[in-house]
Amino acid sequence: MSGYPDANDFAPAAGQGGFLASPGADQSPSQKTFRAADQQTLTPVTIKMLWSAEQGSDEVFRVDGQPLVQVTFVGKVLANDTSNNTNVAYKIDDGTGIMDVKVWLESDDTGMTQAKDAENPGTYVRVYGHLRQWQKSLNVVAFRIKPIEAFDEVTYHNLEVIRVHLHNTRGPLPPMDPNAPVTTPMKGTMPPAAPGPTPPSTMKPDRYGSSFNELQTAILQVITNASNKDLGVHRNDIYNACSSSWATPNVVENLQWLVSEGHVFTTMDDDHYSTSLCV
C-alpha cells in the first residue's frame with residue numbers, strides 16, 4: 001500500500017546480525033545473545049502478555065517459554081509527548097493493558113535531529129519494537145509505529161496472537177492426511193463462499209473445507225514454505241515464484257483476494273505476507 005516505507009528501510013545494517021537496532025537504545029548482554037540470524041523472530045503479542053512476560057537470569061524476557069526478540073502489537077494512542085528533542089513518547093492501550101512506548105528520532109548527516117510527526121491521540125497504530133525494563137518499569141522501544149487504516153488488521157493481529165500462543169503451548173497442527181475425505185456441508189447450512197476470480201474447474205480443496213484455484217494454492221505454498229513465518233514473504237518473492245506460470249497482474253489479483261478473505265495477512269509491513277493455513 002502506498003504511503004508506507006519500503007521494506008528495505010528496515011533491512012538490518014551490517015554487523016547487526018539480522019536485527020533492527022533501536023536508535024538510542026542501550027544494548028545489554030542479553031540482547032547480544034540473540035543477535036544471530038536464526039533468532040530474527042517477530043512475536044505478535046498483547047500488552048497484557050508483555051506485562052506478564054517472565055525474565056530469567058539471562059535478563060531475556062519470555063512469553064510461553066519463547067524469548068521476545070522483537071514484538072508487535074496494535075492499540076489506540078491515548079497520549080503523546082513531543083516535548084523531548086530526541087524521542088516521542090506514547091501511551092498505547094490495546095484493551096488488555098496500557099504500555100509506554102518510546103520512538104527515538106533519527107539524526108541527519110549533520111547530526112541534527114529530524115522532526116517526526118507524532119500519531120495523534122485516538123489513532124489506532126501497529127507498534128514494532130523491543131521490550132525493555134527501566135527502573136523496574138516496563139516500556140517498549142519502538143523502531144516503527146504505523147497507523148492502522150483498516151480495522152480488519154486489529155482482528156488479524158488478535159487471531160495471529162492466538163495462533164502463535166497455541167503453537168508455542170500445544171505444538172504445531174498435525175500433518176494433513178491427503179487421503180482424508182472432504183467434509184460436505186450438512187443440509188440446511190450455508191454454502192461455501194465464492195472461491196475467487198478463476199473458474200471452479202480448477203479449484204482444489206484445502207484442509208479447512210474451503211476451495212482455492214491453482215494460482216491461489218501456489219501463492220499459499222510460497223508463503224507457507226517461508227523460512228521465517230513471523231516476518232512473512234515479500235510480495236516480490238511471491239511474484240517471482242509464480243512468474244513462470246502466471247502473469248504478474250493475475251498473481252496480484254489473487255493475492256489481494258486471499259487477503260480480503262482473511263486467508264493471508266500482512267506482517268512487519270504492507271509488503272510482507274503470512275498465513276495460518278497449511279496447504
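How many bridges pair strand 13 and strand 14 (residues 272–274), and in which sense, parallel or antiparallel? The two strands pair in the antiparallel sense, over two bridges. The model is predicted.

- The three strands form an open sheet in the order 12-14-13, and the pairing is antiparallel.
- Strand 12 (233–234) and strand 13 (265–266) are the edge strands, since each pairs on one side only.

- Strand 9 spans residues 137–147, and nine of its 11 residues are buried, so the strand is largely enclosed by the rest of the structure.
- Buried here means under 20% relative accessible area.
- Strand 8 (residues 124–134) pairs with strand 9 in the antiparallel sense over 10 bridges.
- Within strand 9, Arg144 is the bridge partner of Tyr128.
- Strand 8 and strand 9 form a hairpin with two residues between the strands, where Gln135 takes a positive phi near 55°.
- Strand 7 (residues 98–104) runs parallel to strand 9, and three bridges join them.
- Val103 has Ala142 of strand 9 as its bridge partner.

**The largest cavity**

- The structure holds two cavities of 30 Å³ or more.
- The largest cavity contains about 130 Å³ of space.
- Strand 1 (42–44), helix 3 (152–170) and strand 13 are the elements that give two or more residues to the lining of the largest cavity.
- Helix 3 gives the most to this lining, with three residues.
- Residues lining the largest cavity include Leu42, Pro44, Tyr156, His157, Glu160, Phe265 and Thr266.
- By class, the lining of the largest cavity has four nonpolar, four polar and three charged residues.

**The second largest cavity**

- The volume of the second largest cavity is about 60 Å³.
- Strand 1 and helix 3 are the elements that give two or more residues to the lining of the second largest cavity.
- Helix 3 gives the most to the lining of the second largest cavity, with four residues.
- Among the residues that line the second largest cavity are Thr43, Pro44, Met49, Val161, Val164, His165 and Asn168.
- The lining of the second largest cavity divides into six nonpolar, four polar and one charged residues.

Methods
Residues numbered from 1 in each chain as written. Predicted model: local features only at pLDDT ≥ 70, side-chain atom pairs only at ≥ 80, totals over all residues. Heavy atoms only, no water. Buried < 20%, exposed > 50% of the residue type's maximum accessible area, 1.4 Å probe, protein only. Pairing = 2+ DSSP bridges. 1 Å grid on protein atoms, 1.4 Å probe; cavity = no way out; pocket = protein on both sides within 12 Å on 5 of 7 lines; lining within 4 Å. Points joined across faces, edges and corners; volume = space filled by probe spheres on them. Nonpolar A, V, L, I, M, F, W, Y, C, P; charged D, E, K, R; others polar.
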